Amino acid sequence: MLNELEFLSWCEQNKIIESTKQFINENIRFQQPARTVGVGNRSLSGKYPSLKMGRTIQWESGKVEGPAVLMMEYDENVLEFYDQPNKINMRYKINGKDRGSLYTPDFFVIRKNEAVWEEWKDEKDLEKISKKQPWKYIKDSDGNWRCPPGESFAKQYGLSFRVCTSNEINWNLHRNFVFLDTYLRKIDEFNISEQNFDKIKHIVFKNHGISLKDLITCSITDNFNVDDIYVSIIKELLYVDLKNNALAEPDKVKVYLHKEHAEMYDNIVRSQVDEFIISSPLIIEVGKEIYWDGCIWQVINVGNNSISLSSRERYNEIPKALFLRLTSEGKITFRSQVRKEIDDEAIVDILNTVDENDYKIANYRYRFVKAYLQGELKESVDPKIRTIRHWVSQFKQAEKIFGNGYIGLLPSSKSKGNRNKRINQNVVELMEKHIKENYETLIQKNRLSVYGSFKNDCEDRGYQAPSYVTFCAYVKKRPREVQITKRKGRRAGYQVKDFFWEIERTTPRHGDFPLNICHLDHTELDIELICSRTGKNLGRPYLSLLLDAFSRRVIAFNLSFEPPSYRACMMIFRDCVKRFNRLPQQLVVDNGKEFHSTYFETFLAMYEIESKRRPAAQPRYGSVLERIFGTTNTSFIHNLTGNTKIMKNVREVTKSVNPKSHAKWDIKHLSMALEEFFFNLYETIEHPALGKTPRKAFEDGMFSIGERKNQLILYDKLFEVLSLPSTKTGQAKIQPSMGIKVNYLYYWNDEFKNPQVENTKVKVRYDPFNVGIAYAYVNKVWIKCISEYYPLFKNITEKELKFLTTEIKKIKQTHSQNVTISAQRLAKFIDEIEGNEQYELLRAKSEETKNVINIFERVKEDNQIVKSAQVDTEAKSKRVLKKHENKMQGRESKEKLDKPRRDNLEEIENPLDFYEEF
């Protein structure tokens, strides 16, 4: 953002008057957005973490506003841009009367030479709105959309109002901004060594017009990083036409030293092509067929001065010069020159009105017409020669009119009988009215009852009602999606909605590289679980998944007895960083409460993750994740003991077959089984949409995009603390001798004894799985704080704490007492509530969930130890192998062996010596 001095300088440069400057500051620059973007029913909405603005920018259209935000982020001409700025008062006239309404534009943009309100719309949407609200949007003589009421409001401040459309977005450039986003955010952290850049420069210079894919492949043999290529492109050390090429398609992208190098290469290519463009004469060969004056002829001889033609019984010889002239005039055409595609609208309209039987008749007629024109037909009994001549006449007449004689052989539409509607038009209109007003309603009347009402109405009006079959036929003609939506609601209509085929080339819906777009969601698994300690049934668990849309690889998962909450999201983020030391660039979620929590929004903003929200009740936007949920249940869970597949037909379930009676799995072992299923089975099976395994697709993609070390996140204590939730305010006051208070409990650390921090507010975070611990940010360091009654609270989860406080409030409210909750009261109540069945079930579920977390913590730590051991083992193996190689070299030189030395273990006379030493 501009500082105060820079803003004043901009105002002076653009001659902004004092009142306008004050209006911009008070109503836009230092104000929160006028509205929170809601979730629409048509497209994605989301928030982009803008580095330029130092805040998240809202957008509510994944195909218009979302791309516009990214284009403004990296537009050097844009100094500031604000989403959902102040409401403006739009004045207009309807039927000669003054009207007005408050309206919130999409953005307020401050550019180097102007300040403007911008409204971004899809071109098709503008067409529809302009018809319904002609006063709002109009199209001028230059084809540009305008908003007169918005322009009038902006004019009073000396500013502008602009209507922008999706046509103004360069989709290649937008894809490249998405692809390079992680580089662009911290480009100063990337430094290319002169040695590596010289290698890249030499390769590009030596291979003119080398593709990006080939250049990336060279990084293996020439030992430089792929990151160096992309950073060189961003810093303009190398040239790529980013406006017309997408870096995500490296085989189609050409890399040059600079713009002049690219222009030189294009000129050379054009010159080479032009050399070989020679206007060759018409080639006339023996055996070719020509069409001349309604007859088909065959070339039988090509002489120096004349050409001989034959049509079975007939023979003709014409001068070569005349033949060429007739060909150039189009009077003689070769069969290979006949137009293959039928693009004439008149012909297409005729073909659309005929059926299969008409084609059979026309094909039958064409055989006789062709034989007649070639002179092969002398006499015919059936059909008669007179009939054939009539067909030939129709053929030639159609040829003159349509340029295609075959059309004249199709049966005339006049022989189809009466094609006019036999039902009175008034009756048709009445029938459609009854269908719309009585049948297509939420009452869901059946067809027969609506038909009865329609028939009675016809009798009252003196009309002859059509049959029930005809009525049903008209019902079926109505658009199915519209009909079901009106009868059963929007969600039911969504199920029969036509699949959306994206015709315009915008951005891939599944991203261009791994971790570009990831989907996060939860589902309840179809299996009953038991407690590993008591064997009691604990119910069905919830599975949370984070899926990479590009490779279809599961990035992280979490299994818990808790319904979806921010805690499941926290565990997913932690699991993702543990496995890959990265987080997604864009995260697609639905509209669950957990995704609207303060914790979720704060975490995404902190790690600069762009959130995208799917439209309400439209799961197809997350189809890749919904599909793997289904696969997990059908291919894995439904094959385990205690699965609940039988519960879909509840009436057939008896006690003996109830899954609750047969449950054997606990959450710990199911988590371990899912670990094996997702990371050792599912991702190693070829995916039909990819043509390769998800793991292979992920690894190939990661190689192509570079290491991007600035995107790496260390899983350390700092990340653990930053991934914890905070309070509503995010702060707590350090009270002398008491500490900080978080969720009814006081927490203490000896750092609070410092008089300089007493009575100051500090940032705080707490562990939702252990309320005995909290963290405070004191003197630029996160310190660990212990709660009062720590031995009692150290095993209590946040959910248990909420349950206890709720129960205390219920008891006190029953006895009409003031509800004051303290740690002492909570500790006493825990002792009193022991044995409570509901609390015991909650504790059992919490303990099982914490056991799973602890197990996977140890497993992943062990994996890190194993990886380190493997590295040490490989190094030691190489040293031992080198020692034996040196020994064999000395032996070979001593014995002067003629056979060449082999660099493998076969050289060792006694392999056991090698392994024993190792």
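Guide: Lys612 lies in strand β24, which spans residues 610-613; strands here are DSSP runs of E with at least two residues, helices are runs of H or I with at least four, and both are numbered from the N terminus. This is a predicted model, in which local features need pLDDT of at least 70 and side-chain atom pairs count only at pLDDT 80 or more, while totals for chains, interfaces and linings use all residues. Residues are numbered from 1 along each chain as its sequence is written, and side-chain values use heavy atoms, with hydrogens and water left out.

With a relative accessible area of 15%, Lys612 is buried, a term that means under 20%, as against over 50% for exposed and in between for partly exposed (1.4 Å probe, protein chains only). Setting aside neighbours within four places in sequence, Lys612 is in contact (heavy atoms within 4.5 Å) with Leu44, Ser45, Gly46, Trp59, Gln586, Leu587, Val588 and Val589. For Val589, which is 23 residues away along the chain, the C-alpha separation from Lys612 is 6.3 Å.

Turning to another strand, Asp521 belongs to β18, residues 517-524, and is buried at 6% relative accessibility. Beyond the neighbours within four places in sequence, the contacts of Asp521 include Leu543, Asp590, Arg614 and Phe629.

Met647, by contrast, is found in the loop between α22 (623-635) and α23 (659-662), and counts as partly exposed because its relative accessibility is 30%.
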